[in-house]
Amino acid sequence: MDVVFDELHRRVKSYLATVKNVAAGGGDEAALVIARDDLPLIVDAFDALFGGHIPDDNGHCRQCHRAGRWWRRRRVPCRVFLQAQIALFHPTSHGRHALTRAEL
Ligand SMILES: [Zn+2]
């Protein structure tokens, strides 16, 4: 892989792992800092990645539409949309989502 990409990828993975570890196992004070300082950044990043995957007038994903030829255009929900839904609402490593549990 590209050296620059490797470093950027490593930094993102390390940052997310740190946030996840602190949120899951850190003290209350550290978890609160993560929630207030880092969570909004992560939500913004997620929205920047996910927000463009909306249907055009023909029901094709606007973002995935750009990546492929017309006969391979993805209808919504596209793969990215579905992966985001699974990651948020059906995570495999945490059991049920915290907000879903809170609704019970
Ligand atoms: Zn898409």
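**Exercise 1. Work out the order of the elements along the chain.**

Start at the N terminus and walk along: the elements run α-α-α-α-α. Next, tally them, and you get five helices and zero strands. Helices here are DSSP runs of H or I with at least four residues, strands are E runs of at least two, and both are numbered from the N terminus. Keep in mind that this is a predicted model, where local features need pLDDT of at least 70, side-chain atom pairs count only at pLDDT 80 or more, and totals for chains, interfaces and linings use all residues. Residues are numbered from 1 along each chain as its sequence is written, and side-chain values use heavy atoms, with hydrogens and water left out.

**Exercise 2. Find what holds the zinc ion, and name the geometry.**

First, list the donors (N, O and S atoms within 2.8 Å of the metal, or 3.2 Å for Na, K and Ca; water is not among the atoms, so sites may look incomplete). They are H53 (ND1), C61 (SG), C64 (SG) and C78 (SG), at 2.1 to 2.4 Å. Along the chain, their spacing reads H-x7-C-x2-C-x13-C. C64 sits in helix α3 (residues 62-67) and C78 in the loop between α3 and α4 (79-89), so this pair, 14 residues apart, links distant parts of the chain. Now check the angles: the four donor atoms subtend 101 to 117° around the zinc ion, which makes the arrangement tetrahedral. That label requires all angles to lie between 85 and 135 degrees.

**Exercise 3. Decide whether C64 and C78 are buried or exposed.**

Apply the cut-offs: buried is under 20% relative accessible area, exposed over 50%, partly exposed in between (1.4 Å probe, protein chains only). Both C64 and C78 come out buried. For the chain, buried residues make up 13% of the 104 residues.

Notes:
Tetrahedral: all angles 85-135°; square planar, octahedral: opposite > 155°, others 65-115°.
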